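The questions below ask what the terms used for it rest on.

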Amino acid sequence: MSTEAVTWAMDDAPMLLTDKGKPDTTSRHVLQALAEHAHKDGGGAHPSVVRIQYRTGYDRRTVQRALRRLEAGGLIQKTGETGGRTIWKLALHLKRPATDWADLERLEEDERRAAAERQRRSRAKRVTHSASVTVTDSPSVTDGDVTHSPSVSHALEQRDVTHSASARHALNAALTTNQPSVEPPENPSVVDEGGHTSGSGDPSPRPDGPLPMAPIDLDGFTLTAPMRRWATATVPGLDPDHETAQFVAHFRADGGRRRSWPDEWQKWVLRSAKWAAQRATNVVALPPRPSTTDTRVQAAIAAGRRLQAAADAQNQETQ
């Protein structure tokens, strides 16, 4: 086997083309099999058709047609026969034009550009361009708790609107028309009958210091007077301040955001009342049971009395 012949067949030999202008890869493969049996000058290559079949995997007719195309293209030439096999000489002087490499590089660059364009179009399709996208310009956003009469729905369904006055998201507004049945939260700053000031708009202080605030703090959740009155009327005996402190601590640790904090607070209070009722019904009163110490003391006293009675009886007999 000649390294020069193999290198020529793999890289430097001109590429034959099919009738459709595509590279004739079958002939190229057969040429490489011939080069593996050629001398340094390209001559003396005489592998059998069976050997080429074994090396390439092609059937006999495919190998024979490829040999004829290589001969017609001037890449190989018959120089004799030996043992019934044709001796071929490879045309090592024929060189592949340098433009073949440049053409491949140009095609590769075109493919990269096409792939980038396909990716750009795919990203563009994922972007929603629709009239249903709400623009949060100040003229188009309804401020306050205004209800539209045609749809009877709150105008605060756009959740991610930032009000410049409070510098926080309006996520504590009601998302749907399912408001609490008894005086839902109205005013963000109310003083109730007991003198409790709540709903000032500032989140309750964090016990862990100036760490990043949780969504419940950023959304400005507070216990308002209407919420306190609702809790007192709905669940008598439940401490609203204690339940609210537990509620805030839970969602600070959870770190999640709820669509309506007041509605979530009401669910928390109702669950707490339910659990308290279940705990009360699960308590079973047991009958009083004297302790072991009490039993021993009573037995000792009874024994002492018996001994005293026996001693008195003995004294009377002796008298």
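**How the parts are described**

Q: Which residues of α2 and α4 meet?
A: From α2, the residues T26, S27, V30, L31 and L34 meet T62, A66, L67, R69 and L70 of α4. The model is a predicted one.

Q: Why are α2 and α4 called roughly perpendicular to each other?
A: Their packing angle is about 85°, and their axes are 9 Å apart. Angles of 65 to 115 degrees count as roughly perpendicular. The angle of about 85° falls in that range, so α2 and α4 are roughly perpendicular to each other.

Q: What makes α1 roughly antiparallel to α2?
A: The axes of α1 and α2 cross at roughly 165° and come within 8 Å. An angle over 145 degrees counts as roughly antiparallel, and therefore α1 is roughly antiparallel to α2.

Q: Which residues bring α1 and α2 together, and what is the hand of their crossing?
A: A5, V6, W8, A9, M10, D11 and D12 of α1 meet R28, L31, Q32 and A35 of α2. The crossing of α1 past α2 is left-handed.

Q: How is the pair α2 and α3 described?
A: The two axes cross at roughly 115° and come within 10 Å. α2 passes α3 in a right-handed crossing. On the α2 side H29, V30, A33 and L34 take part, and on the α3 side I52, R55 and T56.

Q: What makes α2 largely enclosed by the rest of the structure?
A: A residue is buried when its relative accessible area is under 20%. Eight of the eleven residues of α2 are buried, so the helix is largely enclosed. The buried ones are T26, S27, R28, V30, L31, A33, L34 and A35.

Q: What do the buried residues of α2 pack against?
A: They pack against the helices α1, α3 and α4 and against the strands β1 (76-82) and β2.

Q: What makes a set of residues a nonpolar core, and which members of the largest one touch the most others?
A: The members must be buried residues of kinds such as Leu, Ile and Trp, joined through side-chain atoms within 4.5 Å. The largest core has 24 residues, and W8, L31, L34, L67, L70, I76 and L90 touch the most other members. In soluble globular proteins, nonpolar side chains tend to be buried together.

Q: Which elements supply this core?
A: At least two residues each come from α1 (3-12), α2 (25-35), α3 (49-56), α4 (60-72) and β2 (85-90). α2 gives the largest share, five residues.

Q: What does L34 touch, beyond residues up to four places away in sequence?
A: L34 touches A45, P47, I52, L67, I76, W88 and L90.

Q: Where else is there a core?
A: Another core, of 17 residues, lies apart from the largest one. Among its residues are I216, V235, V248 and W268.

Q: How do you know whether S2 is buried or exposed?
A: The relative accessible area of S2 is 4%. The limit for buried is under 20%, so S2 is buried. S2 is found in the segment before α1.

Q: Which residues is S2 in contact with, leaving aside its neighbours within four places in sequence?
A: S2 is in contact with A35, A38, H39 and K40. S2 and A35 are 33 residues apart in sequence, and their C-alpha atoms are 7.3 Å apart.

Q: Why is R257 called partly exposed?
A: R257 has a relative accessible area of 39%. Buried means under 20% and exposed over 50%; 39% is in between, so R257 is partly exposed. R257 is found in the loop between α8 (240-254) and α9 (261-281).

Q: Where does L238 lie, and what is it in contact with?
A: L238 lies in the loop between α7 (225-234) and α8. Leaving aside neighbours within four places in sequence, L238 is in contact with E243, V269 and S272.

Q: How much of the chain is buried?
A: Buried residues are 29% of the 319 residues in the chain. The chain comes to ten helices and eight strands.

Note on methods: Residues numbered from 1 in each chain as written. Predicted model: local features only at pLDDT ≥ 70, side-chain atom pairs only at ≥ 80, totals over all residues. Heavy atoms only, no water. Buried < 20%, exposed > 50% of the residue type's maximum accessible area, 1.4 Å probe, protein only. Helix = DSSP H or I, 4+ residues; strand = E, 2+ residues; numbered from the N terminus. Contact = heavy atoms within 4.5 Å. Axes fitted to C-alpha atoms, helices over the stretch in contact; angles between N-to-C directions. Parallel < 35°, antiparallel > 145°, perpendicular 65-115°, else oblique. Left-handed = near helix turned anticlockwise from the far one by under 90°.
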